[in-house]
Amino acid sequence: MRNLIRTCLRNCLYVGCLCSLAGVLAFSQTIACPPAAPTMFNASIATSVNFDPGTNLYTYQYTVSSASTSQQEISDFAVDFATPTSGIASPTGWTSSIFADRNTVHWKATAAAPLAANQPDVGQVPPGLHQVTPGTSLSGFSFQNPNPPGPVNYYALGFVDVAAADTEETAENTSDNCAGTIGGFFDLAVRGTTQGPVQFIPVQIDIKPGGTPNAINPADKGVVPVAILSSGSFNAPASVDPATVRFGPAAAAPTDGGHPEDVNHDGLPDLVFQFPTPATGIVCGDTSETLTGKTLSGTSIKGSDSVVTVKCGK
């Protein structure tokens, strides 16, 4: 809209007119936006992870599937990763890159299909020859990484036929008026969770479940209960190796093997441990504490929660 008003004012300098809101809106209606956002598809991602002890590298392989009910072909696929990543491979007709400002591998279908018979070439973006069409799957997305698997985000875009802009002004106006269909990759992409390389799995913990603030007396001789919370993608009782769990600055081991309990009443079983307060290393003035551990498959986990130390200086 900003560019439309500017355009109207510039033209009025020459022909004399009134730049009314109605006039600007009428002009904006001439801008041809793409027919739909690039999100009209239903994708699923299958992941295969293999470890080579000779190179100490994991190979991550992905298969992108599109439901038969999808209304667009999938033209872009991306996955987050923990550094470093190497050996990126792409399916036929796709190219790969890594975003300059984040740890995300991006694959894009770049082999363009020929224009339909008698269709003039006006600089439009043609569909790709190898995009993932509704009801099909495509494999061949892979890379190598020394980090073990854990939950990471994936991103996907559907193909939208964007009309060519014959002038810079038209391109600016299209960008202003079609924000729902034209924009940055991460603003528009469909997001989901798959398996990818992680340095650790971030978990949510609850120190002294059931109350706030989490008041702790560092001189207390009792225990501090700490829950590892489950989520839709992380089942704490089924995933965590209790023998590896440690808590506090001194990395205290729990007094028990943990027990399942839904401490936040979300219908998911959490995993609760008891840690001896003197062994945690918590001191007066601490404002947060961290729990670490590993999953049964050996991937590190880490989570923190706030605390308030009490009865200090008495």
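Predicted model: local features only at pLDDT ≥ 70, side-chain atom pairs only at ≥ 80, totals over all residues.
A disulfide here is a pair of cysteine sulfur atoms within 2.5 Å. Keep that cut-off in mind.

The partners are Cys284 and Cys312, with their sulfur atoms 2.1 Å apart. That separation of 2.1 Å falls within the 2.5 Å cut-off, so the pair qualifies. The torsion about the S-S bond is -95 degrees, which makes the link of Cys284 and Cys312 left-handed. What does the pair tie together? Cys284 lies in the loop between helix H6 (277-280) and strand E17 (288-294). Cys312 sits in the segment after strand E19 (308-309). The bridge therefore joins parts that are 28 residues apart in sequence.

Now the overall picture. The protein has 314 residues, and 38% of them count as buried. It contains six helices and 19 strands. Take the contacts with a separation of 6 or more: residues 24 or more positions apart account for 68% of them. The accessible surface comes to about 16100 Å². Carbon and sulfur atoms hold 54% of that surface.

Next, the rings. There are 19 aromatic pairs. One of them is Phe51 with Tyr58. Their centres are 4.6 Å apart, the planes stand at 45 degrees, and the pair is tilted. Phe51 is partly exposed, at 42% relative accessible area. Tyr58 has 18% relative accessibility and counts as buried.

Then take Trp107 and Phe143. How are their planes arranged? The planes are at 15 degrees with the ring centres 6.4 Å apart, so this pair is stacked. Trp107 belongs to strand E6 (residues 104-109), and Phe143 to strand E7 (residues 137-145). The pair therefore ties together parts 36 residues apart in sequence. Both Trp107 and Phe143 are buried.

These two pairs belong to one cluster, linked through ring pairs. Its members include Phe51, Tyr58, Trp107 and Phe143. Also among them are Tyr60, Tyr62, Phe77, Phe81 and Trp94. Phe141 and Tyr154 are in the cluster as well.

Last item: charges over rings. Which residue places its charged end over the ring of Phe186? Arg102 does, at 3.8 Å from the ring centre. Lys302 lies over the face of Phe200, 4.7 Å from the centre of that ring.

How values were computed:
Residues numbered from 1 in each chain as written. Heavy atoms only, no water. Helix = DSSP H or I, 4+ residues; strand = E, 2+ residues; numbered from the N terminus. Buried < 20%, exposed > 50% of the residue type's maximum accessible area, 1.4 Å probe, protein only. Contact = heavy atoms within 4.5 Å. Areas by Shrake-Rupley, 256 points an atom, 1.4 Å probe, with all protein chains shown as cover. Phe/Tyr/Trp six-rings, centres within 6.5 Å; stacked < 30°, edge-to-face > 60°. Lys NZ or Arg CZ within 6 Å of the ring centre and 35° of its normal.
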